[in-house]
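Welcome! Take a moment to look over the sequence and the model, and then let us walk through them together.

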Amino acid sequence: MTKEPAQFTFTGADGATTWSISAWSGDGTATFAARGSTRHLALEGALSASLALALDIADRGSAGEGSRATPIRGEGEDLWTLFADMLDELGDAVALHGLG
């Protein structure tokens, strides 16, 4: 993982998944981009970037050691609705289990 002045960028060990997060703007928004060599890997990158935003990894430089894991599920007729459903589930998991 590398931290650049304006964004945080992650490239997976296999080089097939990349995601980045912009710096937070003055109005409290940030954007992310996810790329993968397959749709599955792109979706995984988008969910990882969403979790990184929730954990403020871009500000801290790393996620640190995780203390727990929980499955998330989702369903949708296309990749966008699947992502949206899984993002809701991810938010619920963070709300239930906290950020550590």
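## A first look

Buried residues account for 26% of the 100 residues in this chain. Please keep in mind as you read that the model is predicted.

Two more values describe the chain as a whole. Its accessible surface is about 6600 Å², and carbon and sulfur atoms hold 54% of that. As for contacts between residues at least 6 apart in sequence, 39% of them join residues at least 24 apart.

## Residues in the strands

Let us begin with strand β2, which spans residues 7-11 and includes T9. T9 counts as buried because its relative accessibility is 15%, and the cut-off for buried is under 20%. The C-alpha atom of T9 lies 6.6 Å from that of I21, although 12 residues separate the two along the chain.

Strand β3 covers residues 17-22, and S20 has its place there. Is S20 buried or exposed? With a relative accessibility of 16%, S20 is buried. From S20 to T31 the C-alpha distance is 8.4 Å, and the two are 11 residues apart in sequence.

T17 also belongs to strand β3. The relative accessible area of T17 is 7%, so this residue is buried. Which residues does T17 touch, leaving aside its neighbours within four places in sequence? The contacts of T17 are F10, T11, G12, R35, G36, L41 and G45.

## Where two helices pack

Now turn to helix α1, residues 39-55, and helix α3, residues 79-97. These helices pack at an angle of about 35°, and their axes are 10 Å apart. The crossing in which α1 passes α3 is right-handed.

On the α1 side, the contact is made by R39, L43, A46, L47, S50 and L51. On the α3 side, L79, L82, F83, M86, L87, L90 and V94 take part. Sorted by class, this contact of α1 with α3 has 11 nonpolar residues, 1 polar and 1 charged.

S50, found in helix α1, deserves a visit of its own. S50 is buried because its relative accessible area is 10%, under the 20% cut-off. What does S50 contact, once its neighbours within four places in sequence are left aside? The answer is F32, F83, L87 and L90. Among these, F83, L87 and L90 are also listed on the α3 side of the helix contact.

## An aromatic pair

How many aromatic pairs does the structure hold? There is 1. A pair of aromatic rings is described by the distance of the centres and the angle of the planes. Here the partners are W80 and F83, with 5.9 Å from centre to centre and 40° between the planes, and the pair is tilted.

Both partners sit in helix α3, where 3 residues, about one turn of the helix, separate W80 from F83. F83 has a relative accessible area of 10%, so F83 is buried.

Notes: Residues are numbered from 1 along each chain as its sequence is written. This is a predicted model: local features need pLDDT of at least 70, side-chain atom pairs count only at pLDDT 80 or more; totals for chains, interfaces and linings use all residues. Side-chain values use heavy atoms; hydrogens and water are left out. Axes are lines fitted to C-alpha atoms, for helices over the stretch in contact, and angles run from 0 to 180 degrees between N-to-C directions. Helices (H or I, at least four residues) and strands (E, at least two) are DSSP runs, numbered from the N terminus. A crossing is left-handed if the near helix is turned anticlockwise from the far one by less than a right angle, and right-handed if clockwise. Contact means heavy atoms within 4.5 Å. Ala, Val, Leu, Ile, Met, Phe, Trp, Tyr, Cys and Pro count as nonpolar, Asp, Glu, Lys and Arg as charged, and the others, Gly among them, as polar. Rings of Phe, Tyr and Trp (its six-membered ring) pair if their centres lie within 6.5 Å; planes under 30 degrees apart count as stacked, over 60 as edge-to-face and the rest as tilted. Buried means under 20% relative accessible area, exposed over 50%, partly exposed in between (1.4 Å probe, protein chains only). Accessible areas come from the Shrake-Rupley method with a 1.4 Å probe; for residues, only the protein chains shown count as cover.
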